[in-house]
Amino acid sequence: MKCILLVEDNFDSREIYRQVLEHAGFRVCAVECGGDAVRIARERHPDLILMDIGLPRMDGWEATTLLKADESTRSIPVVAITALTAPEDRRRAATIGFEGYLEKPIAPRKVLLEVEGRIGKP
Amino acid sequence: MVEAEAFACFATPLPEPHLLVSPGANILAANPAAREAFALTENGPGEFTPPSLAALVEDSPDRLATFLRSCSRTNRMIPAGLSLKGGRNEGRYMCSGARMGGGTNGKVEGICILLRFRRHQEAVQTFQLLNRQIDRLSSELHHRRRIEAELRAQAQQLREYALELEVQRERAESASRAKSEFLGAMSHELRTPLNAIVGYVDLLDAEVSGPVNQRQREQLDRIRRGARHLVTFIVEILEFSRMDSGAERVNATEVDLRQVAQEALEMVEPAAAEAELEVRLTLPADPVEMVTDGPKVRQALLNLLSNGVKFTPGGGSVTLTLSMEEGEEDTPPRARFSVRDTGIGIAPAHDERIFEPFWQVGKAGRGHLGGLGLGLPVAREIARLLGGKIEMTSALGEGSSFTLTIPPLGSLEG
């Protein structure tokens with residue numbers, strides 16, 4: 001069973017994505033800050049990471065930069081789900097190495113489509 | 001006489017009358033200027049008619065004698081004013097005199113006096129001329145100083161204005177930045193709770209938490225539409241604000257405009273389907289490659305298409321056509337997008353108002369069909385940014401046609 005690492009500090013968003021992914025059959029590991037994301041990614045090597053940008057202590061930019069710099073986690077696809085929508089933000093994501101960029105608000109079924117599009121069915 | 005000879009040597013070429021006289025006022029020698037001025041004739045060496053200076057001057061003999069006596073005592077220059085009678089140069093003379101030489105035995109008899117005459121009138125005239133010139137120059141200098149002072153004051157004034165302008169400019173930029181930041185933050189803050197609304201509605205609709213009946217499904221659909229409108233508002237306001245504050249930059253790359261048209265059409269298809277409208281796309285067979293800002297063109301087209309959908313009743317159609325238009329003279333060909341709808345049309349009185357931000361047709365200018373009324377202003381601003389334009393033709397009840405024309409970037413004049 002494929003594993004998704006969900007990094008989201010907002011309760012509702014976290015619940016919504018976790019439910020739609022688990023309902024589809026994925027295993028979901030949810031964390032609330034960038035530091036935990038990097039640690040879990042290194043330990044468990046999820047198949048895909050859904051990364052919010054606005055996170056406490058270490059944000060999504062920093063966490064993903066670390067993940068892409070680390071040989072062991074570099075190949076895990078990271079898809080941003082964020083309320084940041086300015087062109088500069090998209091450019092920054094591309095530069096850091098995000099594989100995808102989803103703008104909130106977004107229907108969870110669309111998130112599921114994006115995930116399955118990248119790593120296939122659970 | 002030796003002194004006379006020496007006198008002749010030096011005084012002959014001088015323009016001013018010069019005389020050599022004895023202390024008793026006998027004229028011993030005269031230069032040509034003196035002979036002419038005083039009508040002297042030389043009968044023999046040292047013998048003149050008239051023989052004495054006393055004959056030439058009007059002043060009392062005592063005065064003349066006193067003067068000559070003073071002269072005879074010193075070889076420093078003694079000045080005096082003498083009036084000369086008659087002759088061709090009547091009038092007052094400034095006379096300067098001094099002792100010149102003397103016999104080797106130092107006796108009084110050997111003393112002679114050198115006199116130089118300068119016409120008083122001439123002296124006065126040159127003096128007055130000098131005075132006038134100094135006066136005039138002073139006046140001019142005063143004037144000039146005044147002007148300089150004024151210029152300095154104005155320059156100071158200008159410097160102050162420039163500083164003031166700089167302050168204002170910084171204030172305006174700061175306000176603009178604050179506005180952008182505020183709107184950016186607003187957008188972010190609004191999207192997060194909206195995500196919860198959209199998210200839970202979708203989860204319920206997907207029956208993740210259990211089955212949903214038809215009526216519930218319809219209600220979920222209404223919630224979803226409300227949320228979508230909110231998102232559209234946020235997007236439009238932000239886009240308009242960026243345009244309005246001049247923060248938008250053009251990213252020019254080579255794009256196939258057919259793809260841009262395709263994407264815009266796809267984005268409006270859901271709304272068109274909901275309104276039971278047909279959307280049609282007419283593209284050239286060959287690629288239409290051009291250097292411009294693809295995403296912005298797509299946004300402008302989407303705005304035009306959305307408007308077409310909004311104002312066309314069910315059963316109608318909205319058609320997007322792309323073609324190339326030849327430029328005049330040496331200008332390169334332009335791309336021409338035409339959005340034609342079979343909708344309600346636009347009254348001539350509203351021709352320009354539709355491009356006003358927030359203005360919408362309907363009672364008291366408030367849209368009854370939803371939206372903020374920013375689609376057209378933004379589309380026109382995009383056209384302007386990209387060096388192009390939007391034109392509109394319409395008639396009430398006959399639909400409208402909006403044409404977006406854009407040139408290749410990097411080829412704009414001026």
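1. α1(B) contributes the most residues to the lining of the second largest pocket, namely four. Helices (H or I, at least four residues) and strands (E, at least two) are DSSP runs, numbered from the N terminus. A pocket is an open set of points on a 1 Å grid over the protein atoms alone, with protein on both sides within 12 Å along at least five of seven lines. Lining residues have an atom within 4 Å of a point.

2. This is a predicted model: local features need pLDDT of at least 70, side-chain atom pairs count only at pLDDT 80 or more, and totals for chains, interfaces and linings use all residues. Residues are numbered from 1 along each chain as its sequence is written, chains are lettered from A and ligands numbered from 1 in the order in which they are written, and side-chain values use heavy atoms, with hydrogens and water left out.

3. Back to the pocket. The second largest pocket holds about 200 Å³ of space. A volume is the space filled by probe spheres set on the grid points, which are joined across faces, edges and corners. The lining has 16 residues, and B:A4, B:L28, B:A29, B:E42 and B:G46 are the closest to the centre. At least two lining residues come from each of α1 (2–11), β2 (27–30) and α2 (32–38) of chain B. By class, ten are nonpolar, three polar and three charged. Nonpolar covers Ala, Val, Leu, Ile, Met, Phe, Trp, Tyr, Cys and Pro; charged covers Asp, Glu, Lys and Arg; the others, Gly among them, are polar.

4. A cavity is a set of points where a 1.4 Å probe fits but cannot get out. The whole structure has two cavities of 30 Å³ or more. How big is the volume of the largest cavity? It is about 40 Å³. Its lining consists of B:V235, B:E236, B:E239, B:Q299, B:N303, B:L374, B:G375 and B:V378. Two or more of these residues come from each of α5 (214–244), α7 (294–310) and α8 (375–385) of chain B. α5(B) has the largest share, three residues. The classes are three nonpolar, three polar and two charged.

5. Chain A has an open sheet of five strands, in the order β2-β1-β3-β4-β5, with parallel pairing. Two strands pair if DSSP finds at least two bridges between them. β2 (27–31) and β5 (100–103) of chain A are at the edges; each has a single partner strand, so one side of each lacks a neighbour in the sheet. On average, neighbouring strands of this sheet are turned by 20° against each other, direction ignored.

6. Look at β3(A) within the sheet. Four bridges connect β1(A) with β3(A), and the two run parallel. Here A:I4 stands opposite A:L48. Three bridges connect β3 (residues 48–51) with β4 (residues 78–82) of chain A, again in parallel. A:I49 has A:V78 as its bridge partner in β4(A). A:L50 stands opposite A:V79 in β4(A). Which residues of β3(A) point one way, and which the other way? A:L48 and A:L50 point one way, A:I49 and A:M51 the other, and all are buried. Buried means under 20% relative accessible area, exposed over 50%, partly exposed in between (1.4 Å probe, protein chains only).

7. α1 (residues 11–24) of chain A lies across β1 (3–7), β2, β3 and β4 of chain A, at about 165° to β2(A). α3 (residues 60–69) of chain A lies across β3 and β4 of chain A, at about 160° to β3(A). Axes are lines fitted to C-alpha atoms, for helices over the stretch in contact, and angles run from 0 to 180 degrees between N-to-C directions. Contact means heavy atoms within 4.5 Å.

8. α2 (residues 34–44) of chain A has the buried residues A:G34, A:A37, A:V38, A:I40 and A:A41. An α-helix has 3.6 residues a turn, so residues three or four places apart point the same way. The buried residues of α2(A) pack against β1, β2, β3 and α3 of chain A. After α2(A) comes A:H45, with a positive phi near 45°.

9. One residue of chain B deserves a look. B:D256 sits in strand β8 (residues 253–256) of chain B. Is B:D256 buried or exposed? B:D256 is buried, with a relative accessible area of 17%. Leaving out residues up to four places away in sequence, B:D256 touches B:P287, B:V288 and B:E289.
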